[in-house]
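Here is a short report on one protein chain.

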Amino acid sequence: MRSELFVVSLFIPTLLAQIPISRCPSVKVQQNFDVAAYLGKWYEQEKYPLIFEIGGKCITADYSKRSDGKVEVFNQMKNVLTNSVSSIKGTAELASEKGEAKLSVTFKTPVTVTSPYWVLSTDYVNCSVVYSCQTIFGISAHTAWILTRDQHPSQDIIKTARKVLKDNKIDTSFLIKTDQKHC
């Protein structure tokens, strides 16, 4: 059950997002996206608040290539009160044939849930800025993540990532810092 809640917290922003909006904005995504270079571990540094991430720290996402060409997604976090670790696996695949960094992430919990995972910008070695927006039942909701390869990145890297969001007219005032200490 814990892992199911974790999935919802990371990749089902439409259902649980804290930031409702009137409609999904038009954003620029990374062009000529290199899936192979994106693989590996990413540390969540900042994100829009999500209900089921409350009490979570040391949040990571690990991406690896599967034999069927899809990407395996392995998300993990630690509970700040109990230090217990919860995790979930899913799959991701490119949702665009134009070389754009528009992915679709699917998790099979009691129900199969698929969400957009759009990489607005990445240099593959330091930082990735990810955005998701969906409209369900006439309500649009979005979330954003700043992911880094280093668990404790420089403030310059975070500043650069925040600029990507601002350049896409995505409000950075809702971002909250993920605790990556004592992991």
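Accessible areas come from the Shrake-Rupley method with a 1.4 Å probe, and for residues only the protein chains shown count as cover. The chain has about 9,400 Å² of accessible surface, with 53% of that belonging to carbon and sulfur atoms. This is a predicted model: local features need pLDDT of at least 70, side-chain atom pairs count only at pLDDT 80 or more, and totals for chains, interfaces and linings use all residues. Residues are numbered from 1 along each chain as its sequence is written, and side-chain values use heavy atoms, leaving out hydrogens and water.

**The whole chain**

Of 183 residues, 48% are buried (under 20% relative accessible area, with exposed over 50% and partly exposed in between, 1.4 Å probe, protein chains only). The chain has four helices and 10 strands. Helices (H or I, at least four residues) and strands (E, at least two) are DSSP runs, numbered from the N terminus. The order of elements is α-α-β-α-β-β-β-β-β-β-β-β-α-β. Contact means heavy atoms within 4.5 Å. Among contacts between residues at least 6 apart in sequence, 58% join residues at least 24 apart.

**Strand E6**

E6 spans residues 102-108, and five of its seven residues are buried. Two strands pair if DSSP finds at least two bridges between them.

| Partner | Residues | Sense | Bridges |
|---|---|---|---|
| E5 | 85-94 | antiparallel | four |
| E7 | 112-122 | antiparallel | seven |

Threonine 106 in E6 stands opposite threonine 91. Serine 104 has proline 116 in E7 as its bridge partner. A hairpin of three residues links E6 to E7.
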